[in-house]
Amino acid sequence: MTGTPLTDAVRAYSRSTTARLHVPAHGGGPGNPPLEALFPGLCSWDVTEQPELDDLSHPEGPLAAAQAAAAALYGAEDAHYLTGGATQGVQAGVLASLLHGGALLASRDSHRSLLGAALLADADVVLAAPARDPKFGVSLGLSPRTVERAFLEHPDIGAVLVTYPTYLGIAPELDAIARIARDRGAITIADAAHGAHFGWHAALPPAALAEGADLVVAGMHKSGGSLTQTALLLEGPRGTERHAELGLALHLIGTSSPSYLLMLSLEQAVQSALTQRERLLERAIAAGEGIRSKARVATGRPQDPMRIALQFESPTQAQESCSALAREGVRPEYLEDATALFIVPLGEPPALDGLARVAAALREPAFAEDREAPPEIRRVRLGRALRSRRERRRLVEAAGRTAADVVSVVPPGIPALWPGEEISPQAVEGLARALGQGRRVMGIDQGWLWVVAE
Ligand SMILES: Cc1ncc(COP(=O)(O)O)c(C=O)c1O
């Protein structure tokens with residue numbers, strides 16, 4: 001068996017003359033001529049559970065071996081393939097950790113997948129404001145100081161969800177947070193949707209497992225090179241104590257027909273990382289560092305050198321610079337107010353001269369954590385607010401009301417409003433601005449949103 005047992009098994013099946021009298025209905029290609037014409041041969045690889053192809057719900061053959069290779073890449077006790085994105089991993093990790101009770105501690109700027117996780121686990125959520133750079137307001141993620149305080153105020157916290165790194169690539173102090181949680185008997189779940197590649201190169205921040213996280217959601221499609229919708233859930237030495245609960249959670253949340261195409265892409269991404277990660281990262285890191293050094297971007301925390309978060313003087317300057325780059329065919333990951341994020345892909349980076357020029361024209365943003373700000377910690381029953389009687393309100397008239405749904409600007413999908421939160425005039429203003437900039441806002445439909453009925 002080579003290093004890609006799943007690929008080998010599917011290849012053999014796709015080349016065999018077996019009459020496929022089983023799902024999927026495209027029958028390996030003939031059942032969908034336009035798709036076959038678009039991607040010749042692809043359907044023959046789109047298989048489903050067969051004895052020699054294993055079964056993700058009870059992996060014993062090539063899928064078990066493929067997952068073992070993923071575990072080996074990260075030094076994990078075990079690894080689970082996910083075809084429902086990091087969302088599935090966050091939800092399964094939280095449900096498995098809190099199946100027998102306990103509250104969830106998470107940063108206020110966690111990804112919206114937290115809502116589903118809290119609903120599934122029927123858990124209260126202790127939402128804590130992330131540490132912020134005082135000058136630019138950039139989130140530096142959950143801080144150990146806030147986590148200490150949250151445990152004092154809410155001793156029933158059973159799991160801590162840490163976004164590692166933040167969307168802008170900043171790595172919070174996961175090691176210190178995991179230590180605090182461990183001392184209190186709580187599980188640390190790292191949402192590494194943007195940090196699957198951490199630890200793959202000396203210039204990158206350490207991997208979440210190495211920092212002491214118990215469960216890690218590695219967003220392979222966002223940062224590890226596999227196809228969109230794929231991720232890994234990794235078990236560390238303490239996380240593996242929840243192995244049975246994780247199995248249950250993954251059965252509950254995942255599809256019973258995980259895509260072999262997606263799983264093949266996971267296997268290939270893992271194989272590629274195992275055999276050539278230095279080569280894949282070398283140029284991307286050098287390109288990212290080159291531009292970041294021109295803009296002198298620094299936060300005082302370890303950062304992903306491949307994420308270039310530029311702080312412009314004003315939203316207008318950001319818009320104008322990004323429009324100029326768009327004319328040169330350069331598209332950012334995201335643009336919000338005066339911040340634009342550019343992500344250098346793995347492998348051979350494209351020409352980045354225009355971006356380097358824009359970066360060089362910026363002044364130095366010196367990020368630093370605002371240690372004076374008292375930690376803001378609030379306990380919310382997201383589920384109760386979501387299920388409460390609701391009515392629609394125009395955004396412009398919503399200040400002072402309680403949000404009944406999650407409202408988030410996408411990307412990155414970090415909620416501006418969580419269910420149960422009072423809608424502040426600042427939130428209304430920020431959302432109106434995002435809509436005015438033509439950004440996608442989930443939870444607002446034609447200017448209307450859901451609030452708890454009075
Ligand atoms: C921090 C974080 N966690 C989880 C997710 C969900 O990832 P996916 O889209 O793979 O489900 C995202 C998506 O943007 C994210 O930014």
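Trainee: Which domains does the domain assignment of the protein chain give?

Mentor: This is a predicted model, in which local features need pLDDT of at least 70 and side-chain atom pairs count only at pLDDT 80 or more, while totals for chains, interfaces and linings use all residues. Residues are numbered from 1 along each chain as its sequence is written. Domain bounds come from an automatic or database domain assignment. For the protein chain, the assignment gives domain 1 (1-53), domain 2 (64-272), domain 3 (278-360) and domain 4 (381-452).

Trainee: How far apart do the C-alpha centres of domain 1 and domain 4 lie?

Mentor: Domain 1 covers 1-53 and domain 4 covers 381-452. The distance between their C-alpha centres is 44 Å.

Trainee: Are α1 and α4 roughly parallel or roughly antiparallel to each other?

Mentor: Helices are DSSP runs of H or I with at least four residues, and strands are runs of E with at least two, numbered from the N terminus. Axes are lines fitted to C-alpha atoms, for helices over the stretch in contact, and angles run from 0 to 180 degrees between N-to-C directions. Helix α1 (residues 5-15) packs against helix α4 (residues 62-74) at about 150°, with the axes 7 Å apart. Angles under 35 degrees count as roughly parallel and those over 145 as roughly antiparallel, with 65 to 115 roughly perpendicular and the rest oblique, so α1 and α4 are roughly antiparallel.

Trainee: Is A208 buried or exposed?

Mentor: A208 lies in the loop between β7 (187-192) and β8 (215-218). A residue is buried if 20 or more other C-beta atoms lie within 10 Å of its own, exposed if 12 or fewer, and partly exposed in between, with C-beta atoms placed from the backbone. Because A208 has 32 other C-beta atoms within 10 Å, A208 is buried.

Trainee: Which residues does S272 touch, not counting residues up to four places away in sequence?

Mentor: S272 is in helix α11 (residues 260-295). With 17 other C-beta atoms within 10 Å, S272 is partly exposed. Beyond the excluded neighbours, S272 touches G225 and L280.

Definitions and conventions. Contact = placed C-beta atoms within 7 Å.
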